[in-house]
Amino acid sequence: VPESLALLEEMRACEPRSVDCQPPLVWHGAQGVQVYDPYGNIWLDFTSGVLVTNIGHCQPEMVQAARAELDAHRFFSYCFATEPRIRLARRLVDMLQPHIGTACKAFIMSTGSEATENALKLARAHGRSLHPEKNVIVSFDRAFHGRTLGAQQMGGYPAAKSWIGNLDPAFVQVPFPDGLHCTDTSFNLFSRRLAQLGIAPQRVAGVIMESYQGGGASFAPEEYVRELRSFCSRHEALLIMDEVQSGFGRTGRLFAFEHYGIAPDLVCLGKAVSGGLPVSAVAGRADVLDMHDPGSMTSTHGGNPVACASAAANLEVLLRDGLTEAAAATGHILRQGLEGLRQRHAGHIMAIHGRGMVQGIHVGRTEPDGTPCPDGALAFDVTERAFRKGLLLFAPVGTGGATIKICPPLIMQPDAVLEGIDVLTQCFDEALS
Ligand code: PMP
C-alpha cells in the first residue's frame, strides 16, 4: 500500500540490496495463520514466516514462556550454563534418540547456517580422526545449507558461490535425484559422479542432504537414501540430514528423514525448532558431538535463555496438539487441491512436489524429451497477484526461480487451505488469460 512505500524506501537507503527480496510487505504483526501490516491489511499466510511458525504465529504459551524468561533476568550467553538451554538440549535429545538408535547429544546455537557449519566441522574432525585425507564433504546440486562460507560451499547453486573465489576442492556436489531436473534416480549415479570427480569413497568424511530439497520441496526416492545410508556406513562417512527447513512436523512426520526409514548420524535443526526466536542445533551421535574439546565450540549468543525457553514451549505445543498428524491430514487436502490446479493448467505446471504442509508448484512446461523449461516470469506474476489478493507467498525459489512454495502453519484449518488454493487458482487463471 502507498503508506508502506516510504518505509520500504528507507530500508533500501540503509540496508543492502540483498535483503530486498520478498513482496513489498512491512511485517507489523502476525497471529495464528494471519499476517498484518501497519495499515490494516491482512494476509492469509502460506509461508509460516520462513517455515518457522509451524505452531502458528505468536502462539500465546510460547510468548508467555519468553516473557517469563525475560522476567527471570538471565539472558546472556554460552559462557555459563542456564536451565532453559539444558532443558531444550534434553528435549531435542529425547526427540531424536529413538530415531538415531544410539546415545545422542545436542549443541544449541542461533541460526541454521551455524548448525550446518558445525555439522561440517564435526564431519571433518571425525574423518580426520580416521585418516588424514578423509576430508571430502559431498552435497547435492540445487542444495541450500545456509549463507556462511562453509555452508555456501556445500550449496548446490554455483552462481550463489561465485563470489567465494577459490573453492575448496574437498567440497563436491552430486546430482539430486528429484525425478524432474535429474531423471536418473538410481544410486549408481552417486557413485559414478564421485568416480568422475576422482574421489575414492574412503575419502568421504560426510554427506549432507536436505531431507527434502528446500528449493523445490523435492524428496529423493526412499531406495536412493537407504543406499546412501549403506554407503556412509560402509565407508565410515557421516550421514548428515539437514532438517533446518523440514523438521518439526512440516512434512507430516516429526523429522522428514523418517520418510526414508533411515537413521542419520547428525541432524541440523533450525527454523521451527523455536517457532520464531533464534535457535538452531546440531544433534546426533554423542561420540561425534563430543569430538571437540571443552570451550572450543562456543558462541556468545548461542543458547540464549529467552530463545531456548520459548523453543521448549513451542515444541511442547507441537507435540501436545498433535500438529505433526494435523500436517499429514491437512497436507493431503492441500496436495489434492494443488493437483486440481495442475490439471487445470497442465501446460504451465510441470510438477507438484512435497509432502504434508510443504508443497512446491514447479511452474513451466516439460519438453517432449523430458527437459524441464521453468517459467520464472509466470511464477513471479502469480505470487504478485496473490499478494494483492491477500494471500502471502514467498517470491518463487528454486531452478529458474520458478517454484512457488506453499508452506502454511501446521495449525491451518482445511477450509483456510482451500480458500488459499482458490485464490491461487484465480491468480493462475488471470495470469494466463
Ligand atoms: N539449511 C536449510 C535446509 C535451510 O532451508 C536454511 C534456511 N533457509 C538453512 C540451512 C540456513 O538457515 P539460517 O537462514 O537460519 O542460517
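Reader: At what angle do helix 4 and helix 10 pack, and how far apart are their axes?
Author: Helix 4 and helix 10 (residues 305-320) pack at an angle of about 35°, and their axes lie 8 Å apart. Axes here are lines fitted to C-alpha atoms, for helices over the stretch in contact, and angles run from 0 to 180 degrees between N-to-C directions. Helices (H or I, at least four residues) and strands (E, at least two) are DSSP runs, numbered from the N terminus.

Reader: Before we go on, what kind of model is this?
Author: This is a predicted model, in which local features need pLDDT of at least 70 and side-chain atom pairs count only at pLDDT 80 or more, while totals for chains, interfaces and linings use all residues. Residues are numbered from 1 along each chain as its sequence is written.

Reader: Back to the two helices: is the crossing of helix 4 and helix 10 left-handed or right-handed?
Author: The crossing of helix 4 and helix 10 is left-handed, a term used if the near helix is turned anticlockwise from the far one by less than a right angle, with right-handed used if clockwise.

Reader: And which residues make the contact?
Author: Helix 4 brings Pro84, Arg85, Arg87, Leu88 and Arg91, and helix 10 brings Pro305, Cys308, Ala309, Ala311, Ala312 and Leu315. Two residues are in contact if their C-beta atoms, placed from the backbone, lie within 7 Å. By class, this contact of helix 4 with helix 10 has eight nonpolar, no polar and three charged residues. Ala, Val, Leu, Ile, Met, Phe, Trp, Tyr, Cys and Pro count as nonpolar, Asp, Glu, Lys and Arg as charged, and the others, Gly among them, as polar.

Reader: Which strands does helix 4 lie across?
Author: Helix 4 (residues 83-100) lies across strand 4, strand 9 and strand 10 (280-285), and helix 4 runs at about 135° to strand 4.

Reader: In what order do the strands of the seven-strand sheet come?
Author: The order is 4-10-9-8-7-5-6, in an open sheet with mixed pairing; two strands pair if DSSP finds at least two bridges between them. Strand 4 (104-109) and strand 6 (171-174) are the edge strands, each pairing on one side only. From one strand to the next, the twist averages 20°. Strand 8 (residues 238-242) and strand 9 (residues 266-269) run parallel and are joined by three bridges, and Ile240 stands opposite Leu266 in strand 9.

Reader: What about the four-strand sheet, and why is one side of strand 1 left without a neighbour?
Author: That open sheet has the order 1-2-3-14, again with mixed pairing. Strand 1 (29-31) and strand 14 (391-392) stand at the edges and each has a single partner strand, so one side of each has no neighbour in the sheet. Strand 2 (residues 34-36) pairs with strand 3 (residues 42-45) in the antiparallel sense over three bridges, where Gln34 has Leu44 as its bridge partner and Tyr36 has Ile42. Strand 3 and strand 14 pair in the parallel sense over two bridges, and Leu44 stands opposite Leu391 in strand 14.

Reader: Changing topic, which residues come nearest to the ligand?
Author: Of the 13 residues around the ligand, Gly112, Ser113, Gly146, Val244 and Gln245 come nearest, where a residue is near a molecule or strand if its C-beta atom, placed from the backbone, lies within 6 Å of it. Helix 5 (residues 112-130) gives the most to this shell, with three residues, and the shell divides into two nonpolar, nine polar and two charged residues.
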